[in-house]
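Dear colleague,

I am passing on the structure below, and my notes on it follow directly after. Please read them beside the model.

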Amino acid sequence: MTAAAPAGLAAPAPSRQDRAMQPETPAQDPPQTAACRRFRLPDEAATRAFARALRPHLRPGDVIALSGPIGAGKTAFARALIQDALALTGDVEDVPSPSFTLVQTYRTAQGEIWHADLYRLTGPRDCDELGLEEAFATAITLIEWPDRLGAELPARALALGFAPDNAGAARTVAARAGDPRGAAILAALPEPGDA
Ligand SMILES: Nc1ncnc2c1ncn2[C@@H]1O[C@H](COP(=O)(O)OP(=O)(O)OP(=O)(O)O)[C@@H](O)[C@H]1O
Ligand SMILES: [Mg+2]
């Protein structure tokens with residue numbers, strides 16, 4: 001029990017020495033649970049390797065929400081994942097950014113992959129017109145700027161938030177699973193740099 005200061009008297013402030021002995025407040029990083037993991041990607045090759053590590057775990061019906069500022073690496077990640085899926089059948093494609101077409105689709109041995117960039121989406125009606133709702137059920141969907149969907153984004157989506165480190169090539173990815181399946185996928189991913 002903590003002793004209260006007598007009425008009208010403020011408790012004495014801790015001396016500088018007392019303060020020095022108090023434990024430091026722990027950093028506020030999210031806990032490394034399976035539902036929430038953080039990956040540090042020192043360069044673009046690490047981003048591509050991270051995408052290739054995630055790819056085998058995906059199946060139609062999975063939704064990956066890629067957020068982060070312009071130039072954060074969302075397309076670089078999606079391109080590596082799609083090219084890895086295409087390579088299963090020896091296919092090679094450029095995989096351009098869908099920033100103007102809004103959606104690009106790919107047929108792969110792992111199922112259809114939809115790659116969307118919704119930066120220019122003007123309203124939820126566009127989402128219907130793009131056919132995204134059906135894709136959420138039948139394809140693997142990779143979505144840049146998923147915030148544009150609001151409540152239309154499936155709650156089960158696996159969220160990957162890309163954050164650039166200053167002006168260098170390193171990125172930090174904050175990953176958050178939307179359901180137990182996503183959590184199992186996150187738990188299975190190796191740390192970048194693991195063999
Ligand atoms: N670690 C890294 N991961 C990903 N991209 C990196 C990394 N380091 C440097 N880059 C560079 O950063 C840029 C990322 O561009 P990208 O088009 O992937 O961004 P984006 O997040 O899709 O942006 P936008 O919101 O405009 O679509 C590329 O030029 C890429 O070469
Ligand atoms: Mg992009």
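**Leu130 and its surroundings**

Apart from its neighbours within four places in sequence, Leu130 is in contact with Leu102 and Val103, where contact means that the C-beta atoms of two residues, placed from the backbone, lie within 7 Å. This is a predicted model, in which local features need pLDDT of at least 70 and side-chain atom pairs count only at pLDDT 80 or more, while totals for chains, interfaces and linings use all residues. Residues are numbered from 1 along each chain as its sequence is written, and chains are lettered from A and ligands numbered from 1 in the order in which they are written.

Leu130 is found in helix α4 (residues 124-130); helices (H or I, at least four residues) and strands (E, at least two) are DSSP runs, numbered from the N terminus. Between Leu130 and Leu102, which are 28 residues apart in sequence, the C-alpha to C-alpha distance is 8.3 Å. Leu130 counts as partly exposed because 16 other C-beta atoms lie within 10 Å: a residue is buried if 20 or more other C-beta atoms lie within 10 Å of its own, exposed if 12 or fewer, and partly exposed in between, with C-beta atoms placed from the backbone.

**The chain and its sheet**

The secondary structure of the chain comes to 6 helices and 7 strands, which follow the pattern α-β-α-β-α-β-β-α-α-β-β-β-α along the sequence. Of the 195 residues, 31% count as buried, and among the contacts with a separation of 6 or more, 65% are between residues 24 or more positions apart.

An open sheet of 7 strands has the order β1-β7-β6-β2-β5-β4-β3, and its pairing is mixed; two strands pair if DSSP finds at least two bridges between them. The edge strands are β1 and β3, each of which pairs on one side only, and the twist averages 15° from one strand to the next, with axes taken as lines fitted to C-alpha atoms (for helices over the stretch in contact) and angles running from 0 to 180 degrees between N-to-C directions.

Strands β3 (residues 103-108) and β4 (residues 111-117) are antiparallel and pair over 6 bridges, forming a hairpin with 2 residues between them; Val103, one of the contacts of Leu130, has Ala116 of β4 as its bridge partner. Strands β2 (residues 63-67) and β5 (residues 140-144), by contrast, run parallel and are joined by 4 bridges, with Thr141 in β5 as the bridge partner of Val63.

Thr141 is buried, as 27 other C-beta atoms lie within 10 Å. Leaving aside neighbours within four places in sequence, Thr141 is in contact with Val63, Trp114, Ala116, Ala135 and Phe136, and its C-alpha atom is separated by 5.8 Å from that of Ile113, 28 residues away along the chain.

In α2 the buried residues are Thr47, Phe50, Ala51 and Leu54; seen down the axis of the helix, they fall within an arc of 100°, so they line one face, the arc being that of the directions from the helix axis to the C-beta atoms. What covers these buried residues includes β1 (36-41), α3 and β7 (171-176).

In helix α6 (residues 180-188), Gly182, Ile185 and Leu186 are buried, and because they cover an arc of only 100° around the axis, they are on the same side of α6. Pro180, Ala187 and Ala188 are exposed on the other side, while the cover of the buried residues includes β1, β6 (158-164) and β7.

Glu134 lies in helix α5 (residues 132-138) and, with 11 C-beta neighbours inside 10 Å, counts as exposed. The C-alpha atoms of Glu134 and Gly61, 73 residues apart along the chain, are separated by 9.5 Å.

**Around ligand 1**

Of the 18 residues around ligand 1, those that come nearest are Thr47, Gly73, Lys74, Thr75 and Ala76, where a residue is near a molecule or strand if its C-beta atom, placed from the backbone, lies within 6 Å of it. The elements that give two or more residues to this shell are α2 (44-54) and α3 (74-86), and α3 gives the most, with 3 residues. Thr47 is also one of the buried residues of α2.

With kind regards
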